Amino acid sequence: MSTQLALEDDPRLIRLTDEVYVFGTYPYSGLVVTDEGCIAIDGPMSPNICAPWKEFIDAKGPLRYQVYCEHHSDHTISAPYLQPEVLVSSETTRGVMDTDEVAREAMRTWGAYPDVDSAVIDGYRMAYPTLTYRGRLNLELGGKRFTLFEAPGHTMGSTVVHAIDDRVAFIADLGATPAIQSGDPVAWLTTIALLETLDVDWYVQGHMDPMRREDLHEWRLALLGALDTARERDREGLTPDQIVAQGGVFDVAKILGGKTFLGRDDIPPGLLTFGAGALQAIGAERMSEAVHRHPTDSLSAALGPVSTQE
Ligand SMILES: [Zn+2]
């Protein structure tokens with residue numbers, strides 16, 4: 001009898017190289033394997049979906065590090081299930097992470113999965129980073145180099161994990177998503193310009209399949225287009241609520257349409273309604289704040305978080 005490896009035939013498992021894997025769930029979760037163990041980047045929001053990912057990781061080696069790339073609840077649920085030796089985030093992210101009760105509330109509302117037992121949620125306790133950094137953090141594991149750096153934009157404390165020797169950058173939600181509710185468009189555009197200069201083959205993002213540099217370039221232009229739209233709406237005198245009523249500043253169909261998206265079925269059902277309402281409204285406010293500042297006054301991570309729990 002042969003033993004089936006976890007996720008072996010799962011279409012959501014993307015193998016970028018023999019030592020770099022992406023689990024295309026919600027959110028997309030990364031893994032780099034070395035001779036001395038593994039580094040996980042983010043992890044699934046659903047406790048039930050964490051289980052096969054944990055099994056897959058264990059088959060590849062001990063989980064030495066896990067990196068939380070941002071504070072949003074969908075990125076910060078998994079560590080109690082994946083059980084890394086060391087959990088890493090930026091100091092800015094650590095400062096705005098959920099409390100236990102806020103995390104449970106997210107798991108009961110917009111992030112609810114019908115197959116997750118309510119007792120699991122009632123007993124859920126956050127795991128907090130045991131290693132935080134500001135600016136940049138260089139790690140070496142199994143002879144491979146990793147540079148983690150603060151990359152403000154989607155959130156002000158967002159972390160990029162540059163797996164230098166594997167030629168992959170894990171950029172989480174700095175990739176294509178209209179969710180700008182905790183971020184700043186100018187910081188985001190500046191960060192993307194930096195990401196374009198990395199010497200990598202792949203950019204692994206949080207809510208869509210891994211990108212090439214051309215895709216990142218296209219996304220940067222879409223984000224710039226959204227900033228232009230925000231300026232036009234502002235000149236017309238529209239309030240953020242009126243902007244949302246007109247469909248917001250992002251052309252979501254254009255950003256997300258026509259691309260493969262393995263994780264689509266793993267999006268918690270409540271997010272789609274929540275995303276259409278509250279997130280868009282806060283996002284429109286962030287965009288109109290940004291158009292009232294000169295770009296040189298754009299917020300940077302050094303100034304600390306402007307993020308809210310949303
Ligand atoms: Zn996010």
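1. Let me begin with the metal. Along the chain, the donors of the zinc ion follow the spacing E-x1-H-x81-H-x18-D. They are Glu70 (OE), His72 (ND1), His154 (NE2) and Asp173 (OD), coordinating at 2.0 to 2.3 Å. Donors here are N, O and S atoms within 2.8 Å of the metal (3.2 Å for Na, K and Ca), and water is not among the atoms, so sites may look incomplete.

2. A word on the source: this is a predicted model, in which local features need pLDDT of at least 70 and side-chain atom pairs count only at pLDDT 80 or more, while totals for chains, interfaces and linings use all residues. Residues are numbered from 1 along each chain as its sequence is written, and side-chain values use heavy atoms, leaving out hydrogens and water.

3. What is the geometry of the zinc ion's site? The site is irregular, with angles of 73 to 173° among the four donor atoms. For reference, four donors count as tetrahedral if all angles lie between 85 and 135 degrees; four count as square planar and six as octahedral if opposite donors are over 155 degrees apart and all others between 65 and 115; anything else is irregular.

4. Buried means under 20% relative accessible area, exposed over 50%, and partly exposed in between (1.4 Å probe, protein chains only).

5. On the annotation: the unreviewed UniProt entry records "domain: Metallo-beta-lactamase" over residues 26-207. UniProt positions are given in the numbering used here, feature names are shortened, and annotations may be inferred rather than shown by experiment. Over residues 26-207 the chain is 27% helix and 28% strand, with the end C-alpha atoms 7 Å apart. Helices (H or I, at least four residues) and strands (E, at least two) are DSSP runs, numbered from the N terminus.

6. The buried residues of α1 are Pro47, Ile49, Cys50, Trp53, Lys54, Phe56 and Ile57. Seen down the axis, these fall within an arc of 165°, so they line one face of the helix; the arc is that of the directions from the helix axis to the C-beta atoms. The face turned away carries the exposed residues Glu55 and Ala59. Just after α1, Gly61 takes a positive phi of about 145°.

7. Lys54 is buried at 17% relative accessibility, whereas Asp58 is partly exposed at 43%.

8. How many salt bridges are there? The count comes to 19, where a salt bridge is a side-chain nitrogen of Lys or Arg within 4 Å of a carboxyl oxygen of Asp or Glu. One of them pairs Asp266 with Arg12, with the closest N and O atoms 2.7 Å apart. This pair links distant parts of the chain, 254 residues apart: Asp266 is in the loop between α9 (252-256) and α10 (269-291), and Arg12 is in the segment before β1 (13-17). Both Asp266 and Arg12 are buried.
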